[in-house]
Amino acid sequence: MDPSQPGHLPELLRRFTAMNVLAIEEGMRPQPNCVYVAPSSRSVALANDTFHLLELSEPRHARLPIDFFFRQLAEAQGERAVCVILSGMGTDGTLGLRAVKEKLGVAMAQAVESAKFAGMPQSAIATGLVDFVLPPDELARKLGEYVSHRISGPAPEAPSPSGHGSDEMQDVFSLLLEHTRHDFSFYKSSTLVRRIERRMSALQSTTLAQYVRTLRQNPAELETLFREMLIGVTRFFRDPEAFLLLEQQVLPELLELRRHERVFRVWVPGSSTGEEAYSVAILLKECSERLEGQAPFKFQIFATDLDKGAIEKARLGVYPANIAADLSQARLHRFFVERPEGLRIKKEICDMMVFAQQNIITDPPFTRLDLICCRNLLIYLVPELQKKLFPLFHYALNRGGVLFLGSSESAGTLSDLFSPLDSKWKLYRRRDSPTRFVAMPERSWSPAPGRAQGRPGGAQAGPPIVEVSLANLVQKSLLESSPPAVLLSPKGEILYVHGHTGKYLEPASGKMDMNIASMAREGLTFELGRAIRKVATRHRAVTLKQLSVETNGSRRTVNVTVKPVRQPEAAGCMLVIFEEMAPTPGPSQTRASRSAELDQARTIRQLEEELKLARHTVQSALEDMETSQEELKSANEELQSTNEELQSTNEELTTSREEMQSLNEELMSVNVELRSKLEELSKASDDMSNLLNSTEIATIFLDCELAIRRFTPPVSKILNLIPSDIGRSLTHLASNLRELNLLADVGEVLGSLAAKETEVRTVDGRWHLMRIMPYRTSEGVIDGLVLTFTDITAHKQLEAELGRRKSELLIRGVLDRWPGLIVVFDLVERRAVYVNERASSEMGYSREQLEAAGDPFWKSISHPDDYTSAFEVLALVEELPDGGILRRQHRVLTPAAQWRTFSSRTTVMERDQAGRPLRLLSVLEPMPDAP
């Protein structure tokens, strides 16, 4: 994550868990049932059960926070550490997982098929060190079971760390030997016990006997235990100070010693997946490039390991991207190329390497070496075996060669073989002293067949044991007195060596070759080869007498017997016996010498004939090879051109990939923030929509081109809008407004940027207050208009009513002072709304009684011949022009039951908007009553 941006991960995680989610702070102590999130601006370390925040030192693209924390966790918690790799991009966590496994911790990974981003779990699983690969829910359950069993379950009954003597441990060794053909009895007890204890805890086995039963029933667990024994946790330039010392002091001196031969040979036993061997190769390449003006060195680096899978990975030379944490940027660009599967070692380094599977305990060593780099291997072996291996290293090194050990290993007890160069980083120089080989230590157990197959295999006490021991003693004595011999396979490979054969056989330089033709000393090669071919074809023994063999500058006389092995289980094998002869003076010796010379002459003639035939064959082959070489040269030029194009394309893709990866990380961070902002904006939009709808104010939003952006539902009653009209121009729409030029008003506001208000009326008679205002953004930029229509019909009606009431009050004041009889009729309410005091007095009724009464009352006090209903009056006066007068006579029944006659003059006092009469004003005059 971008360290300059605030992180929102704790807030996001709190939505998905009931646990407390906290951002890590300096000095915070971890508590149960809490989730801790690392800050993006710091690296997190764990020491004394306390979190510590460290300043970032790596560039952002090279930062590996998970690897860093896992390493800290492994150092702090040891075998109690548990690391879990879940869905994620990249390879972060792989190197840290190795550190946890080195401390005997537990590693778990999410199943790839359940991961949205498979990069991190796939890289972790590819190490072969993961204990459990499961989907997340099953991982959680397995973690709970493992912790519960470790904390509260019964303690596993592990073997005693003092030795390998228990029957169950012998069973484990036997099963491993039968399954893998490798003997682990020479490993230290503490190492074996921890490995087995950890597997027992993982399987929740409470006793060693129960675990042995599991091994017998489950071959996969045998393979897992074998891998557990071989865990080789290594990395590039492990212990940087030690490699710096090697680069600056040791390698320049060694290269100077070999300046004439120009050949430099290195052996890296226990190389695991090759990181350390490649580290030495990189240093050699850099040191040789500093030697200006000299011929290039030929480097041969032999990297061996017991684990075939590790050797295959090392041979590929492909490593995860997070190795960048252990390498400088200069070395990354100089010696690695980026590939989709990871970082690949360049060909110039791979050409220096020879990887091979080798058991350092039983297989022959490489010889004529200048440097042996055996780091963190001897610490797992018993001291007796270490004493055997140091003389072997002494024998394999050239004069002045250097032995490079791990920081926890030492050759201090063998001061006659090695002298220390640096005691802290365990660098030793070979002394010029004779090599004292040490015999292989005895096994502390015997692979009892009965036990390995599940049957009781304990030895019986009593005399039979003594008899077997005496027989072994006699056989051993006879073998010691017999001449040296070797057992050969049908192909001439040495299968077994008896006695000291160094006078007759010598390992050839270079890659180990166990064929007797390559190892025979001068004087034996041709004769021994002929004898082996004769025995292979005739199946009869052949004896070669009085052969002269050169050994260390002197010549010896030896008789060699080659005979076939008759046992069926060794069909085709041959036994070669060497018997040294003491030289005897006299004529017999002369005759023997002459016979040998004659035999040698015959051999030379035969070899010359074979040489002629070989030359002819070689000449034909050379001609064919020249033709093929020309074709290959042409093809090579084309391939080189293609390769240059591909390299250029690859560099461009690599740069693009780095940029895309960096951009992707930033986009992920921005996406989280945008998602949070989007939720806030969505909620704000909902609030705004509800607010606008609740006000029932018709609102319409226009852009600068008068196109409709948005509107509220009430607008449809005014401008006839539907949802599909969004985006259309206002000029294309019809409105329900009367006597209004809406487009002119909109254009005026858009031009002056001043708000405008006006009252408008729709065709259905409703009134609205129209307000037109500029639409301003948060930066103050005008980006359109906002039109609102507020319904003011009720307000207008109230205003009209108030106007009428005001008019009435004014008229009442005038009419009350009028000398005549005045009556005002409301045709809508069908009643007299005003009667002045004189009219009330003349009619004999009170004003309140006359004004409160409706049409029925007036009908009751009117003469039947004179009464006219409101509808009839409306029809009469509707035809009157403004100011016209309707004249009539009207008789009224007084309270005294007398008829009074009045003449009336009636005119229209008020009309509605349609011109229809609403109120009438009648002026009455009393008339004399008829007799």
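Predicted model: local features only at pLDDT ≥ 70, side-chain atom pairs only at ≥ 80, totals over all residues.

Reply: Residues are numbered from 1 along each chain as its sequence is written, and side-chain values use heavy atoms, with hydrogens and water left out.

Me: How many helices and strands does the chain have?
Reply: The chain has 27 helices and 33 strands; these are DSSP runs, helices being H or I of at least four residues and strands E of at least two, numbered from the N terminus.

Me: How is a pair of packed helices described?
Reply: The description uses the angle between the axes and the distance between them. Here the axes of α6 (residues 167-180) and α8 (residues 208-217) come within 9 Å, crossing at roughly 20°. The two helices are therefore roughly parallel (angles under 35 degrees).

Me: Which residues of α6 and α8 meet?
Reply: E168, M169, D171, V172 and L175 of α6 meet L208, A209, V212, L215 and R216 of α8, where contact means heavy atoms within 4.5 Å.

Me: Where does N48 lie, and is N48 buried or exposed?
Reply: N48 is in the loop between β3 (43-47) and β4 (50-54), and its phi, near 55°, is positive although the residue is not glycine. Its relative accessibility is 70%, so N48 counts as exposed. Buried means under 20% relative accessible area, exposed over 50%, and partly exposed in between, with a 1.4 Å probe and protein chains only.

Me: What is phi of L753?
Reply: Phi of L753 is near 60°. L753 is in the loop between α22 (742-752) and β26 (756-762), and counts as partly exposed at 38% relative accessibility.

Note on methods: Axes fitted to C-alpha atoms, helices over the stretch in contact; angles between N-to-C directions. Parallel < 35°, antiparallel > 145°, perpendicular 65-115°, else oblique.
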